[in-house]
Amino acid sequence: MQTGAAESTPQPNYEPTKEEFAPVAKAVVELLQNKDAARFASVFAPRIEDYQASLTTNKTINGGDPRKSIEKSLDYERKKVETSAKGVIERAEALHLDFSKTTLESSVILPKFAGQIQRDGFKDMPYTQKLEIVIKPSTTNSAATNGEFRLEVHGLTKFEAGWRTDTGVQWLAFPASVADDKTTRELSLLAKAANHEGFTDREEPALHKLGEKIVQFIRLGDTNLFQTEISITVDALWADYQKTGQSGPTREEFYKRMAAHSAEQYELANAMVKLMTDSGIDLKEADIQVTEASVKRCQARGSSMDGMMGSQLTVKMAVKTDRKSKNNVSLAGEYIVAANQIWWFGNQWRVMENIHWYALPAGLIVEQNEAAMRLENYVAEHRTLPRGKAAPEIEFTTLTDNKPIKLSDLRGKVVVLDFWATWCGPCQGPMAELQKVREGHADWQDKVAIVPLSIDDTMDVVVAHVNKRGWTNTFNVWAGDGGWQSKPAKAFRVKGVPTTYILDAEGKIVQAGHPAGMKFGDIVDRLLKPGKSQQ
């Protein structure tokens, strides 16, 4: 469900003025007054003409026309901006606000950060993550519109024709006399999402309700309850996917793909229950209270709560009981359950990915299970296997001769293993750079293997892609059937691409994560020195 980071990178050194943002504020005022979300999007979402005017004569990384990759996203961005504008209108109407006959004055609060954004094939362009706009009615035709209103426009890039948003607009604050508690709470969460901040159940009571459902799951050890009350259903995901307006898989293809995901989540829940059963942890009669539920980060995809995602959920529970485990240790104490992702669907939070035990009272489980739990916690936080760990054995297929090969066949070499896909925009730059890694390193010879590992659905797509771009300076391989669920991707816990692992000659993990900023040449040179490894 996830991909890598954005292709473009904001750079510092741009100081905007309030005057250049005036057209943006004017457009927001017009949106409030005429309620025309489609017009707002057509004017302020990026267009191909904007990018056409920003082309450079510099050669692109992959040698292609940069407009082609941009064109694929423009319709989606316009729909996203239009959806956000509709959300602004709908929330105003829900609060019985009518700005159509009210004169509105607008002003902007300059962003704390604005930089230059770099996109392959285009000129550097000014960029800011968000712009706050203050709206004040200058007449008081209605008491409901009296006071100061605040909105934010996100993802702003300055083209030659002016500022454009590829994300949209959302409410930030209403006058105290206007918004009810529910609206105030939702706006607070949306503001946190805009800043990728976290929150607790004290700020969001619905998160506490999810915690209570997890308590019931733990108490009863009922995986059916997990599927129906806690985990996201495929039906809900399909309904939500249709709302995005994206072109993509058919319903049958979508269900087939997500069925594997659902089965994986069920097995994770079942593993939690099995650990309790094997350890003699019986909490059916225990007093269990949720002491805190929290997420470390959240993000929204528009101006409403629908589809909001929370990352790294933890639910802390205080357990009181006289019972003991199989090894005669008291079951009383603090228990913590975690999940990688939760999503907001149908006015409730649901677990999307990787529910697991985060912590149990000391001594309840054997050391082997403790170690497995620590590993899961590391993977959940870092999204990779840890450094120093022996790389798991995997098998993949070579693109050149369609032969199976095991990772262990490369033992004795330093291995740069890069998980990527042809459909992943952010993967293309690192993949192109890997073609050049050997330049200036004649001494590497056959001591180093640079292995881009594609998780595309079919191998023929990968072969055509790399041949077209001349990416033949690397040892290109395919993961096999399954995509995200392929055996190599699952073994290395890949949840986003690109993800790169560097292995030493003994097959141990030295570096892992997004390839941006990885100095492959320096790392490999260090590992090739006698006596050097991940240390």
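Is Ser279 buried or exposed? Ser279 is buried, because its relative accessible area is 8%, and buried means under 20%, exposed over 50% and partly exposed in between (1.4 Å probe, protein chains only). This is a predicted model, in which local features need pLDDT of at least 70 and side-chain atom pairs count only at pLDDT 80 or more, while totals for chains, interfaces and linings use all residues. Residues are numbered from 1 along each chain as its sequence is written, and side-chain values use heavy atoms, with hydrogens and water left out.

- Ser279 belongs to helix H9 (residues 251-279); helices (H or I, at least four residues) and strands (E, at least two) are DSSP runs, numbered from the N terminus.
- Leaving aside residues up to four places away in sequence, Ser279 touches Ser325, Lys326, Leu364 and Ile365, where contact means heavy atoms within 4.5 Å.
- Arg91 sits in helix H4 and counts as buried because its relative accessibility is 11%.
- The partners that Arg91 touches include Trp171, Phe174, Glu186 and Ser303, again not counting residues up to four places away in sequence.
- Arg91 and Leu55 are 36 residues apart along the chain, and their C-alpha atoms are separated by 39 Å.

- Two packed helices are described by the angle between their axes and the distance between the axes.
- Helix H1 (residues 22-34) and H2 have axes that come within 9 Å and cross at roughly 165°; axes are lines fitted to C-alpha atoms, for helices over the stretch in contact, and angles run from 0 to 180 degrees between N-to-C directions.
- H1 and H2 are therefore roughly antiparallel to each other, since angles under 35 degrees count as roughly parallel, over 145 as roughly antiparallel, 65 to 115 as roughly perpendicular and the rest as oblique.
- Pro23, Val24, Ala27, Val28 and Leu31 of H1 meet Ala37, Phe40 and Phe44 of H2.
- By class, this contact of H1 with H2 has eight nonpolar, no polar and no charged residues; Ala, Val, Leu, Ile, Met, Phe, Trp, Tyr, Cys and Pro count as nonpolar, Asp, Glu, Lys and Arg as charged, and the others, Gly among them, as polar.
- The axes of helix H2 (residues 37-44) and helix H4 (residues 66-94) come within 8 Å and cross at roughly 140°, so H2 and H4 are oblique to each other.
- On the H2 side, this contact uses Ala37, Ala38, Phe40 and Ala41, and on the H4 side Arg78, Val81, Glu82, Ala85, Lys86 and Ile89.
- The contact of H2 with H4 has seven nonpolar, no polar and three charged residues by class.

**The sheet and its strand S18**

- Seven strands make an open sheet with mixed pairing, in the order S14-S13-S17-S16-S15-S18-S19; two strands pair if DSSP finds at least two bridges between them.
- Strand S14 (404-406) and strand S19 (509-513) are the edge strands, each pairing on one side only.
- Strand S18 (residues 499-503) pairs with S19 in the antiparallel sense over four bridges, and S15 and S18 pair in the antiparallel sense over five bridges.
- Among the facing residues, Thr500 has Gly513 of S19 as its bridge partner, and Val415 stands opposite Leu503 in S18.
- Both faces of S18 are covered, with Thr499, Tyr501 and Leu503 buried on one side and Thr500 and Ile502 buried on the other.
- Five residues lie between the strands in the hairpin of S18 and S19, where Gly507 takes a positive phi near 85°.
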